[in-house]
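Please look over the structure below before reading on.

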Amino acid sequence: MYQYDQYDHLIVQERIAQYRDQVRRRLAGELTEEEFLPLRLQNGLYMQRHAYMLRIAVPYGLLSSKQMRMFAHIARKYDRGYGHFTTRQNIQFNWIELEQTPDILADLASVEMHANQTSGNCIRNVTSDEYAGVAADEIIDPRPYAEVLRQWSTFHPEFLALPRKFKVAINGALEDRAAIAVHDIGLTVVKNEAGEIGFKVMVGGGMGRTPILGSVIREFLPREHLLTYTEAIMRVYNQYGRRDNKYKARIKILLKALGVEEFARQVEEEWADLKGTEQTLTLEEMERLVAYFQPHAYETLPNIDVAAAHADNRAFANWLKRNVKPHKVPGYAAVVLSLKKTGVPPGDATAQQMDFMADLADRYSFSELRVTHEQNIVLADVEQSKLFALWTEIKAQGLATPNIGLLTDIICCPGGDFCSLANAKSIPIAAAIAERFDHIDYLHDIGDIELNISGCINACGHHHVGSIGVLGVDKDGSEWYQVSIGGSQGNNSAIGKIIGPSFSAQQMPEVIGRLLQVYVRERTPDERFVDTAQRLGIGPFKDFVYATPIAEAGRLVGEDEYA
Amino acid sequence: MPDQIIKGRSIVRNEWQLLRLAEGQEAASAEVPAGKVIVPLAVWEAQRETLAVRGDIGVWLASDQRPEVLKEDLQRFPVIAVDFPKFTDGRGYSIAFNLRMRLGYKGELRAIGDVLRDQLFQMQRVGFDAYDTRPDRSIEDALKGLTVFSETYQASVDNRIPLFRRHQRGTPAEHNDAGAGI
């Protein structure tokens, strides 16, 4: 993975000094809260419902064991013993004291980490495929380019006060695992006929209150022009994006207003003056960065039929089927550590679990881990012969729930329990659904399904692209939940369609139950929920869900736990 | 206290008067006083004939105005100012960049409006060289905002060479006997 050189260290240290002084000035009353706000947001510090929340960048989701241990340390020393991994491949701590944030940044810097631009109206942490570097369908490892973008966007003088936040995702494989269609800029690595590496550039995707899939504005951008072309996009957006209404300030609105062709024309015009300038990437720089992401020192191993060797162990077989992913090197596999155990808020990990995962990475996976945008952790390079031993160890720590890609692998934002933006709770909804369907045979029978829950229209829980999406809404001061189906991320991205009037929290498990009943009745062999939903449309689902009144079950599990 | 601005990296006396139109005031009939005056773009456009003979006229752009409109007149202005109506409005950075890089403006480029200490480093990078900082804040403090970082990753107006071309950068340990990082 990438390692800081003296310049990275210098910049991060100067940043800490700058931020420390900003905190000092805020506490001394030299900065008003209004003035401090954009400064602290650029350092990932939010004021939440109960306390400050600090969001730390995990660039493109890649972590060393040392860095994971630092999260455990931060959880213990500065927080309440746990952290929350997010859909942006970051980690958040929810109970932070403002005065301590500079020290936390200093601790992070000691392991080459930071919280720069994890929030605010600037270019955020660049996200990517959690299987980058090990996926068999990969064209080119996207991480060196993600690192190029990380450095270029860090404190970019021109783009720190954009109309709104700006999210970039990059994918290097045939299958899109980075949800590029729902990002402000989505980049896919492509090779042209001459074998040259470049990018297909998609702009204007996003969720929130106006969910839109991105539009391709360039089919092939030679890789050396990555920065100048991105800069041109950003400059057009910075100057002409709307600033009168924060809900209409994302680049997708500008793109829609201008039309894709006109937007692309303006970008090309801006780019004409930048193309070929010194910001153009050099082959030397690309090779330097690629060298940080070389394949590990893999053993020469045969592929093993692990499932056959343990056919008598059903629990292990279930885990193999759901949580173990193919690897491009024979004899290896990628393992997903599930942070979706029933009863635990999705994406949460305790300090003890973080230390444990770091230890696992050291012993099983070249000391590296990845954070997935589904809020799980991946050990990408595990020898197949060690899978059983690994499974035995992680079972004891609650990290072996065999539910990756299943109904209980819920993407869920922190919701009303933590977030001051939320209209409704999301964690108790996830908990109630997980509890109701906590039956492994049933879950496996339902198969691949993405249940995504957001506590508000900002869509941090990616509800628009869930096979089933749940959105918390406020109606006359009480919390209700709107349900959509048929959303999808990846190569066939789609925005889900709302099935009808919203439901109470207590009704939600039964609503999901009814949707699943329609699916089971209507599906063709091997058809996934999302495919059935897209084939039939919302009609049959809507008819069945609303046909008879839904009783309100009692108090939800976990409700008010954080109040 | 005299009217001061930051120019380059020093605090100097502000020699320019800034003309802002009052609500409803017409650009064509607005009176431009004698002496060094920075006028709004609209006033320049409306009174170009009379103002062009004076050598003591600067112009300022609002954050939604395009610098390209000044293309023909650009080099005649000893000063061009860009207004920041709110410190969170970042359009002025791109305007400055384009004034310098695309249009090649060589004179004084001044940031006016809601200009605070924590913006100065970025402003300097995109080509500003003068800062009319907010009068309710210490200008001596604001000066410290110019020297926050000693290295930057990306190219801009202040340094057209990005870090990766400027320095021989580190390489991974196995590729470099000296070891990477610190």
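**Notes on chains A and B**

1. Start with one residue of chain A. Leaving aside residues up to four places away in sequence, A:Arg20 touches A:Pro102, A:Asp103 and A:Ala106. Bear in mind that this is a predicted model.

2. Where does A:Arg20 sit? It is found in helix H1 of chain A. A:Arg20 and A:Pro102 are 82 residues apart in sequence. In space, their C-alpha atoms are 5.3 Å apart.

3. Is A:Arg20 buried, exposed or partly exposed? Its relative accessibility is 36%. Buried means under 20% and exposed means over 50%, so A:Arg20 counts as partly exposed.

4. Now take helix H4 of chain A, residues 101-109. Here 7 of the 9 residues are buried, so the helix is largely enclosed by the rest of the structure. Among the buried ones are A:Pro102, A:Ile104, A:Leu105 and A:Leu108. Their cover in H4(A) includes helix H1 (6-27) and helix H3 (65-78) of chain A. Strands E1 (45-47), E2 (52-56) and E5 (91-96) of chain A are also part of the cover.

5. Turn to chain B. It has 6 helices and 8 strands. Along the sequence they follow the pattern β-β-β-β-α-α-β-β-α-β-α-β-α-α.

6. In what order do the strands of chain B stand in the sheet? The order is E2-E1-E8-E7-E6-E5-E4-E3. The sheet is open, and its pairing is mixed. Strands E2 (10-13) and E3 (17-18) of chain B stand at the edges. Each has a single partner strand, so one side of each is left without a neighbour in the sheet.

7. Look at one pair more carefully. Strands E4 (residues 37-40) and E5 (residues 57-61) of chain B run parallel and are joined by 4 bridges. B:Ile38 stands opposite B:Gly58 in E5(B). As background, strands of a sheet pair through backbone hydrogen bonds, either parallel or antiparallel.

8. Some totals for chain B. Of its 182 residues, 53% count as buried. Its accessible surface comes to about 8500 Å², and 48% of that belongs to carbon and sulfur atoms. Its C-alpha atoms fill a box of roughly 70 × 40 × 25 Å along the principal axes.

9. Last, the charges. Chain B has 25 positive and 26 negative charges.

Methods
Residues numbered from 1 in each chain as written. Chains lettered and ligands numbered in written order. Predicted model: local features only at pLDDT ≥ 70, side-chain atom pairs only at ≥ 80, totals over all residues. Heavy atoms only, no water. Pairing = 2+ DSSP bridges. Helix = DSSP H or I, 4+ residues; strand = E, 2+ residues; numbered from the N terminus. Buried < 20%, exposed > 50% of the residue type's maximum accessible area, 1.4 Å probe, protein only. Areas by Shrake-Rupley, 256 points an atom, 1.4 Å probe, with all protein chains shown as cover. Lys, Arg positive; Asp, Glu negative; His and termini not counted. Charge placed at Lys NZ, Arg CZ, Asp CG, Glu CD. Contact = heavy atoms within 4.5 Å.
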